[in-house]
Amino acid sequence: MTQKFTIREIAFQAGLSAATVDRALHARSHVRQITKDRVAAAIEELERQYAASRIEGRRFTIDVFIQSPRRFFSAVRAAFEAELPLVKPASIRARFHLFERIDDRDIVAKLKAIARRGSHGIVLKCPATPRIEACLSQITERGIPVVTYVTDVADPLRLAYVGMENRKAGATAAYLMQRMRQRDGGVLITLSSQLFLGEEQRRFGFADHMARHLPDTSIITVSEGLGVNKTTKASVLSALARNPDITCVYSIGGGNRAVLEAFSEAGRNIDVFAAHDLDDTNRRLLDEGRLSFVLHHDFRQDARRVALHLLKYHRLLPADVSIEETEISIACPLL
């Protein structure tokens, strides 16, 4: 046991005499187990106080880099701006780099610029291309931690992943759709891009559940619409023209108003429409009864999880601090 704290400090914290603490620390005889437990608890509390005092007043700057539809990154930005000021005792501010469309060469250039300027951590949502992964390898070698958000990259390239467990989310969507659908038919899955590993994992989880429980159900996937309404609508219209049996939709990549417009123009109905994220658009569609359910997670709690991972990396939180995983929630229209 290290002597980071004096016997007098431990005794004061535990409400015991210095002599009793000395006997407990040195495993001498005639010390009851309850006393040993009080001493251990006092040391743990002193460790927490010490860690808090180390980060009090410290200032950290992180970079939040997101490629997504505006409706998503606007909701994430609002969550980070609301939650980060509440992370105490450190002060954490975020610089935001938000893009609807950007190719991987530009992503690499901007990530390298962030690294040159310096950052206490990067929160990243972008495709996992070989060029981007090579850039992340260089960034981690420079000692800048990367926390991936919602979609992931290879484990050695990042410190942690924050967001719902994507395979589980896909399987949950399939289970609910299986229970809710009223007629046989195919399922249309919409992705923003196959380069987002998180979206692919959701698709795998969905398809695996369907293969085991509804093996005769056809699944048609469209992608590369990037969640943008115009491109998403065009790809959905094309899929509907080729597949007359589609009756359900699992929207992983967003652009849900465009999906609804495409079905309306094709004169087709949707039995079950599953989507992700409670952004403003999906909230309105739920209120209108046009979405069957939405799988979502608390963006503000995720912002706090990101902050804890980064503070822990910088050794300003105890190594044994546990950071809980993101929970999947389900929102349905109000009856």
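Predicted model: local features only at pLDDT ≥ 70, side-chain atom pairs only at ≥ 80, totals over all residues.

How much space lies in the largest pocket? I looked this up and got about 360 Å³.

Residues are numbered from 1 along each chain as its sequence is written, and side-chain values use heavy atoms, with hydrogens and water left out.

Terms for the search: on a 1 Å grid over the protein atoms alone, a cavity is a set of points where a 1.4 Å probe fits but cannot get out, and a pocket is an open set with protein on both sides within 12 Å along at least five of seven lines; lining residues have an atom within 4 Å of a point. Grid points are joined across faces, edges and corners, and a volume is the space filled by probe spheres set on the points.

**Largest pocket.** I found 19 lining residues, with Y161, G163, E165, E325 and T326 nearest the centre. Two or more lining residues come from each of β5 (160–162), α7 (166–180) and α12 (299–313); β5 gives the most, with three. Helices (H or I, at least four residues) and strands (E, at least two) are DSSP runs numbered from the N terminus. By class I noted six nonpolar, five polar and eight charged residues in this lining. Here Ala, Val, Leu, Ile, Met, Phe, Trp, Tyr, Cys and Pro count as nonpolar, Asp, Glu, Lys and Arg as charged, and the others, Gly among them, as polar.

**Cavities.** I searched the whole structure and found two of 30 Å³ or more. The largest cavity holds about 270 Å³. Its lining has 26 residues, and P69, E199, I252, G253 and D277 lie nearest the centre. Of the elements lining the largest cavity, α8 gives the most, with three residues. The classes in that lining are seven nonpolar, 12 polar and seven charged.

The second largest cavity has about 40 Å³. I listed its lining residues, including T190, V222, G253 and G254. That lining has two nonpolar, nine polar and no charged residues.

**Helix α1.** I checked residues 7–14 and found I10, A11 and A14 buried (under 20% relative accessible area; exposed is over 50%, partly exposed in between, 1.4 Å probe, protein chains only). They sit on the same side of α1 because they cover an arc of only 100° around the axis, taken from the directions from the helix axis to the C-beta atoms. R8 and F12 are exposed on the face turned away from the buried side. Just after α1, G15 takes a positive phi of about 70°.
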